[in-house]
Amino acid sequence: MNARLAAGTATLLIIAALTGCGSAGSGSTEQSASPEPSSSSTPDGTASPSPTASPTPTTAPIALPTDCRAILSEDVLAQLDGIPLNDASLGPSGVGDDGTLTCIWRDPRADTTNLVTTISLMNRGPALDMLNALVTNEGFTCFAPDGGTRCEKTWQNEQYPVTDGRTLFWRDDILIDTRYSNLAPSGYTSSIIAHLFD
């Protein structure tokens, strides 16, 4: 029963955030700005309280980025130093035909250590459906920082003694979707958000 209530609360938060009734303020969110495991998540998966509603002005569409390094701060790049980016042996990466940017941080010789981010266009309706499904079906926790909606979950890797996870951030029809295993630079997601929206 508690799990259903928690999922319902998180789902309502997503609905409020994506319909413009839950825009977050501009306060600091660095404690949850990286794709690494969140120590502040509650065991029952409840989300942070919904921020006060504020009107969102109509703005020009945000352009999708085209450079995986340019979207990251110097600090985050230093944490990724020595890790190959977009090695051809790992499959398609970089800018796709539809403008989607895929960034694969991984040494092809590594068994599991990797970080894969996809930045794509996604309208409000499909984003709402996807994020609600992650909350309801997979136990993700969502909250509303930086004027958008962020959902995340971590779990134990099935084969290795490392943490895997996924972090998603949606705002203004842009989806940042990061999946990672044993590689979670501090401030990674917030660095991308700052580059795209600030």
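Student: In β3, which residue is the bridge partner of Ile-104?

Tutor: In this predicted model, Ile-104 has Val-116 as its bridge partner in β3.

Student: What makes β2 and β3 a strand pair?

Tutor: Pairing requires at least two bridges between the strands.

Student: Why is strand β2 called mostly covered?

Tutor: Of the 6 residues in β2 (residues 101-106), 5 are buried. Buried means a relative accessible area under 20%.

Student: Why is Asp-173 called partly exposed?

Tutor: Its relative accessible area is 31%. Buried is under 20% and exposed is over 50%. The value of 31% falls in between, so Asp-173 counts as partly exposed. Asp-173 lies in the loop between β6 (163-171) and β7, with a phi near 65°, a positive value in a residue other than glycine.

Student: Where is Asn-182 found, and why does Asn-182 count as partly exposed?

Tutor: Asn-182 is in the loop between β7 and α4. Its relative accessibility is 42%, which also falls between the limits of 20% and 50%, so the label is partly exposed. Phi of Asn-182 is near 55°, again positive in a residue that is not glycine. Most residues other than glycine have a negative phi.

Student: How do you know that the buried residues of α3 line one face of the helix?

Tutor: Those buried residues are Ala-127, Leu-128, Leu-131, Asn-132, Leu-134 and Val-135. Viewed down the axis of α3, they fall within an arc of 150°, so they line one face. The face turned away from the buried side carries the exposed residues Asp-129, Thr-136 and Asn-137.

Student: Which residues touch the most other members of the largest nonpolar core?

Tutor: Of its 23 residues, these are Leu-72, Leu-80, Trp-105, Ile-119, Tyr-188 and Ile-192. The elements giving two or more residues to this core are α2 (74-79), β2, β3, β7 (174-181) and α4 (188-197). The largest share, 5 residues, comes from α4. Beyond four places in sequence, Ile-192 is in contact with Ile-71, Leu-72, Thr-117, Ile-119 and Ile-176. A second, separate core has 11 residues, including Met-122, Val-135, Phe-140 and Cys-142.

Student: Where does pLDDT stay under 50?

Tutor: It stays under 50 over residues 1-12, for which the model has 9 contacts beyond four places in sequence. Residues 19-58 are also below 50, with 71 contacts beyond near neighbours in sequence. The protein chain averages a pLDDT of 80, and 70% of the residues score at least 70.

Terms used:
Residues are numbered from 1 along each chain as its sequence is written. This is a predicted model: local features need pLDDT of at least 70, side-chain atom pairs count only at pLDDT 80 or more; totals for chains, interfaces and linings use all residues. Side-chain values use heavy atoms; hydrogens and water are left out. Buried means under 20% relative accessible area, exposed over 50%, partly exposed in between (1.4 Å probe, protein chains only). Helices (H or I, at least four residues) and strands (E, at least two) are DSSP runs, numbered from the N terminus. A nonpolar core is a set of buried Ala, Val, Leu, Ile, Met, Phe, Trp, Tyr and Cys residues joined through side-chain atoms within 4.5 Å. Contact means heavy atoms within 4.5 Å. pLDDT is the predictor's confidence in each residue, from 0 to 100. The arc is that of the directions from the helix axis to the C-beta atoms.
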